[in-house]
Amino acid sequence: QQEAEIRKMVNRALVSLLSFMSFARTAVSMAYNFGKASSRIPLVFGVEAPGVPMKPGGKYNEKESVPTEVVEQWADYLKEQGVSRTLCLLKQEELDCYANPGYASILESKGIKPSLVDVFQPEAGDKCWAAYQEAAESGEKIAVHCSGGEGRTGVVLGTLLAKDAGISSEDAASEILSTAEEEKVVRKVGAAKLDKLLNENTLA
């Protein structure tokens, strides 16, 4: 009987430990808004930028205000997830929030290859697609991000999915949103913005 009680206690402890580990993984993912885009493009993930620069009411809204260690910790997290490339959608004033040596240099020092595309500039759609194609051809995971990993990120994830899977903007937007819900992350995307980026090659 004592042995049976010990088994029960051990089982309860294991269940508690597994529950905690699951909670911890979810908490970290939610902290960085990190999650897969869609099972159809398994190498693509969405994430928020390190420090979430230029966020209204945020902590890092001034030039060179995001400390290097914040970027390094974020890069370490991405590497733990097997990510070796980023597709950064930040505007220049957002990139300027990173302390020297800057976003791209810090990532490169960590062994992560960044591609920088401002989606409000000409040919942005083609540049995003080229960055994705390069990652896909080399079999590398790529994390797409704007500042919060929600709006611009959602749109670019949707356009990559629409082009790669050959589906409509409506279906792509719906799939990005449903996957985000499953992943417990936040994405914002609608068919109209997908169409704009796909057809006009920019969100400007």
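Strand β3 (83–88) is mostly covered, with six of its six residues buried. Buried means under 20% relative accessible area, exposed means over 50%, and partly exposed lies in between, using a 1.4 Å probe and protein chains only. Helices (H or I, at least four residues) and strands (E, at least two) are DSSP runs numbered from the N terminus. This is a predicted model, in which local features need pLDDT of at least 70 and side-chain atom pairs count only at pLDDT 80 or more, while totals for chains, interfaces and linings use all residues. Residues are numbered from 1 along each chain as its sequence is written, and side-chain values use heavy atoms, with hydrogens and water left out.

**The sheet**

- Five strands make up an open sheet with mixed pairing, in the order β1-β2-β5-β3-β4; two strands pair if DSSP finds at least two bridges between them.
- The edges are taken by β1 and β4 (113–116), each of which has a single partner strand, so one side of each lacks a neighbour in the sheet.
- β3 runs parallel to β5, and five bridges join the two.
- Within β5, V144 is the bridge partner of L87.
- β3 also runs parallel to β4, here through four bridges, and R85 stands opposite K113 in β4.
- The parallel pairing of β2 with β5 covers three bridges, and F45 stands opposite A143 in β5.
- Helix α5 lies across β2, β3, β4 and β5 and runs at about 170° to β3. Such axes are lines fitted to C-alpha atoms, for helices over the stretch in contact, and the angles run from 0 to 180 degrees between N-to-C directions.

**Nonpolar cores**

- A nonpolar core is a set of buried Ala, Val, Leu, Ile, Met, Phe, Trp, Tyr and Cys residues joined through side-chain atoms within 4.5 Å.
- The largest nonpolar core has 30 residues, of which V44, L87, L89, V144, V156 and L160 touch the most other members.
- Two or more residues of this core come from each of α5 (124–138), β5 (141–145), α6 (151–165), α7 (169–183) and α8 (191–200).
- Another core, of 23 residues, lies apart from the largest one and includes F45, V71, A75 and C88.
- Neighbours within four places in sequence aside, V44 is in contact with K36, A37, Y132, I142, V144, L157 and L160. Contact means heavy atoms within 4.5 Å.

**Aromatic pairs**

- The structure holds six aromatic pairs. Rings of Phe, Tyr and Trp (its six-membered ring) pair if their centres lie within 6.5 Å; planes under 30 degrees apart count as stacked, over 60 as edge-to-face and the rest as tilted.
- Y32 and Y77 are a stacked pair, because their ring centres are 4.9 Å apart and their planes stand at 25°.
- This pair links distant parts of the chain, with Y32 in helix α1 (residues 2–32) and Y77 in helix α2 (residues 68–80), 45 residues apart.
- Y77 is buried, at a relative accessible area of 6%.
- F34 and F45 are also stacked, with ring centres 5.2 Å apart and planes at 5°.
- F34 lies in the loop between α1 and β1 (35–36) and F45 in strand β2 (residues 44–46), so this pair ties together parts that are eleven residues apart in sequence.
- Both partners are buried: F34 has a relative accessibility of 7%, and F45 has 11%.
- Y32, F34, F45 and Y77 are linked by ring pairs into a cluster.

**Backbone exceptions**

- Most residues other than glycine have a negative phi, and most peptide bonds are trans.
- The peptide bond from N100 to P101 is cis, with omega near 15°, and P101 is found in the loop between α3 (92–95) and α4 (103–109).
- M54 is not a glycine, yet has a positive phi of about 65°. M54 is found in the loop between β2 and α2 and is partly exposed, with a relative accessible area of 36%.
- N201, likewise not a glycine, has a positive phi of about 70°. N201 sits in the segment after α8 and counts as buried at 17% relative accessibility.

- A192 is found in helix α8 and counts as exposed at 62% relative accessibility.
- The C-alpha atoms of A192 and Q81 are separated by 32 Å, and the two residues are 111 residues apart along the chain.
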